[in-house]
Every structure is written in structure tokens, then in C-alpha cells.
Amino acid sequence: MTIPEYPKSIYPRLRLAVSMPTVDNVRKLQPLSYAELGCYHGATTIEIAKVLPPEATIYLFDYADTVAIANRAIQKATGRVPVCYGNSCKLRDSYCWSLGLLIDDGTVRFDYVFIDGAHTWDVDGFAFFLVDKLLSPGGHIEFHDCRWRLSGSKRLNPTAFPLTQEFYTPQQIRSRQVKMIVNRLVRPHPDYEEVIRGRLFRKIGNGAAAAE
Ligand SMILES: C[S@@+](CC[C@H](N)C(=O)[O-])C[C@H]1O[C@@H](n2cnc3c(N)ncnc32)[C@H](O)[C@@H]1O
């Protein structure tokens with residue numbers, strides 16, 4: 001198989017609804033730093049920006065071309081200036097690389113992280129590990145959708161998006177990979193409590209348990 005090059009995001013064009021549970025959670029919790037892993041064109045972030053405290057910082061992660069679109073849309077709609085981290089469109093690149101650079105930097109902490117990017121075991125399982133290192137005690141991680149799977153996705157199912165079967169096995173295409181991350185990594189983690197079933201988790205420890 002010839003691996004195609006990706007000068008631009010290969011992610012199919014989407015028409016996405018705002019994630020209202022995320023907006024409601026953020027309105028209630030009032031985090032001072034909000035990060036979205038996979039922001040697409042910023043539909044949810046625009047609504048989040050309207051309910052965040054004025055002094056809060058928004059951190060956005062996506063492919064560089066995509067995050068640039070979200071950045072412009074958010075500034076235009078709300079006047080807020082998000083801090084943007086764009087990764088390349090190389091086949092194996094993701095926001096996990098940007099998160100690694102932030103760990104090196106050591107100055108950024110998140111209070112709320114919405115993980116709504118790849119929805120896959122390899123990318124988002126590792127993203128959970130990295131986010132944990134950047135999340136303040138008492139902070140929250142939200143996963144977008146535990147029921148989601150590639151085979152059920154309107155845009156990413158193998159018929160609509162043939163590369164899906166080049167990238168994943170039939171079992172992986174059928175599997176609910178976000179649910180696997182929640183069940184295998186987040187629920188058993190001693191530093192996290194489940195606040196909204198399968199969706200919102202609060203960091204109750206200071207990370208010491210993970211380091212043991
Ligand atoms: C479902 S959309 C995000 C929707 C957005 N959170 C909203 O509510 O409007 C998923 C996003 O994840 C991004 N994504 C998927 N895989 C990625 C990767 N490997 N690196 C960076 N971004 C990725 C896609 O580009 C897309 O914008």
C-alpha cells in the first residue's frame with residue numbers, strides 16, 4: 001500500500017452540533033483554563049467561551065490548518081484569543097505531540113480538558129496519560145462519547161471514508177474505543193472519580209498514585 005501524504009487535514013468535512021453537556025459542565029465548574037483536544041472549527045468552543053470566566057484561558061489542539069480556522073472563528077464570535085497548538089497532518093502525528101511539548105515547558109496547567117479528537121485507543125489512551133500530567137488536582141476530564149465507534153460514524157465508517165480500513169482492523173472499526181479507554185484506564189485509576197457516567201471524571205489525587 002502506498003501511504004498517502006497529508007498536506008492538509010484528511011479529516012472529512014463535518015457539520016457538527018455544539019456539545020451542550022460540555023457547555024453545561026463548564027458553566028457549572030467555571031474552570032480558569034479550558035483545553036479542547038480536537039476542536040474542529042470551534043463550534044463548541046465558541047459556546048464555551050461565552051460561559052467561561054473572563055480571565056480564563058482557552059487552549060485548543062487540532063491539526064494546524066483546522067485549529068487556525070477555529071482560532072479565527074472564536075476571535076470573531078467572542079473576542080477571546082485562544083492559545084492554539086496545531087500538529088502536522090503526518091499520518092502518525094497528533095495532539096499528543098503538542099501535549100508532550102507542554103509537559104517539557106512546565107508552565108501550563110489545565111482545569112478542564114474536553115477530549116473530542118481521534119476517539120481511538122492509540123491516540124486518546126495516550127492523551128489521557130499526558131493530560132493527567134497537565135491537569136490540576138480537582139480538575140476535570142471529559143470524554144466526548146463512550147458509545148462512538150468508527151463503524152457507526154457517518155463520516156468515518158469505511159464506506160464513507162475508505163482509509164479507515166487501511167488504518168484499522170475490523171475489530172478496531174467495530175470497537176467502542178473511547179469506552180475502552182474509560183473502562184481500562186480512567187475508571188480503575190486511583191486518582192479519578194466518575195462524576196457523570198462514562199463522560200466526566202474529576203481528579204481527586206495529586207498524581208502521586210500514578211507515579212508509584
Ligand atoms: C469530532 S471533531 C471535534 C469537534 C469539536 N470538539 C466540536 O465540538 O465542535 C474531531 C476533531 O479531532 C481532530 N483530530 C482527529 N485526529 C487528530 C489528530 N491525529 N491530530 C489532531 N487532531 C485530530 C479532527 O481534525 C477534528 O477536528
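Author: Let us start with a pair of helices: α1 passes α2 in a right-handed crossing. A crossing is right-handed if the near helix is turned clockwise from the far one by less than a right angle, and left-handed if anticlockwise. Helices (H or I, at least four residues) and strands (E, at least two) are DSSP runs, numbered from the N terminus. The contact is formed by Thr22, Val23, Val26 and Arg27 of α1 together with Thr44, Glu47, Ile48 and Val51 of α2; residues are in contact if their C-beta atoms, placed from the backbone, lie within 7 Å. By class, this contact has four nonpolar, two polar and two charged residues. Here Ala, Val, Leu, Ile, Met, Phe, Trp, Tyr, Cys and Pro count as nonpolar, Asp, Glu, Lys and Arg as charged, and the others, Gly among them, as polar.

Reader: What kind of model is this, and how are its residues numbered?

Author: It is a predicted model, in which local features need pLDDT of at least 70, side-chain atom pairs count only at pLDDT 80 or more, and totals for chains, interfaces and linings use all residues. Residues are numbered from 1 along each chain as its sequence is written.

Reader: At what angle do α1 and α2 pack?

Author: Axes are lines fitted to C-alpha atoms, for helices over the stretch in contact, and angles run from 0 to 180 degrees between N-to-C directions. Helix α1 (residues 20-29) packs against α2 at about 20°, and their axes are 9 Å apart. Angles under 35 degrees count as roughly parallel, over 145 as roughly antiparallel, 65 to 115 as roughly perpendicular and the rest as oblique. α1 and α2 are therefore roughly parallel to each other.

Reader: How are α2 and α3 placed relative to each other?

Author: Their angle is about 40°, with the axes 9 Å apart. α2 and α3 are therefore oblique to each other. On the α2 side the contact is made by Thr45, Ile46, Ala49 and Lys50, and on the α3 side by Ala70, Ala73, Ile74, Ala77 and Thr78. Six of the contact residues are nonpolar, two polar and one charged.

Reader: Which handedness has the crossing of α4 and α5?

Author: That crossing is left-handed. Helix α4 (residues 95-105) and helix α5 (residues 121-134) pack at about 20°, their axes 10 Å apart, which makes α4 roughly parallel to α5. The residues of this contact divide into 11 nonpolar, one polar and one charged.

Reader: In what order do the strands of the sheet lie?

Author: Two strands pair if DSSP finds at least two bridges between them. The open sheet has seven strands in the order β3-β2-β1-β4-β5-β7-β6, with mixed pairing. Its edge strands, β3 (83-87) and β6 (192-196), each pair on one side only. β6 and β7 (residues 200-203) run antiparallel and are joined by four bridges. These two strands form a hairpin with three residues between them, and glycine 198 in the turn has a positive phi of about 70°.

Reader: How many residues surround the ligand?

Author: A residue is near a molecule if its C-beta atom, placed from the backbone, lies within 6 Å of it. There are 20 residues around the ligand, and the closest are Gly38, Tyr40, Thr44, Ser94 and Asp116. The elements that give two or more residues to this shell are α2 (43-51) and β2 (57-63). By class, the shell has nine nonpolar, eight polar and three charged residues.

Methods: Contact = placed C-beta atoms within 7 Å.
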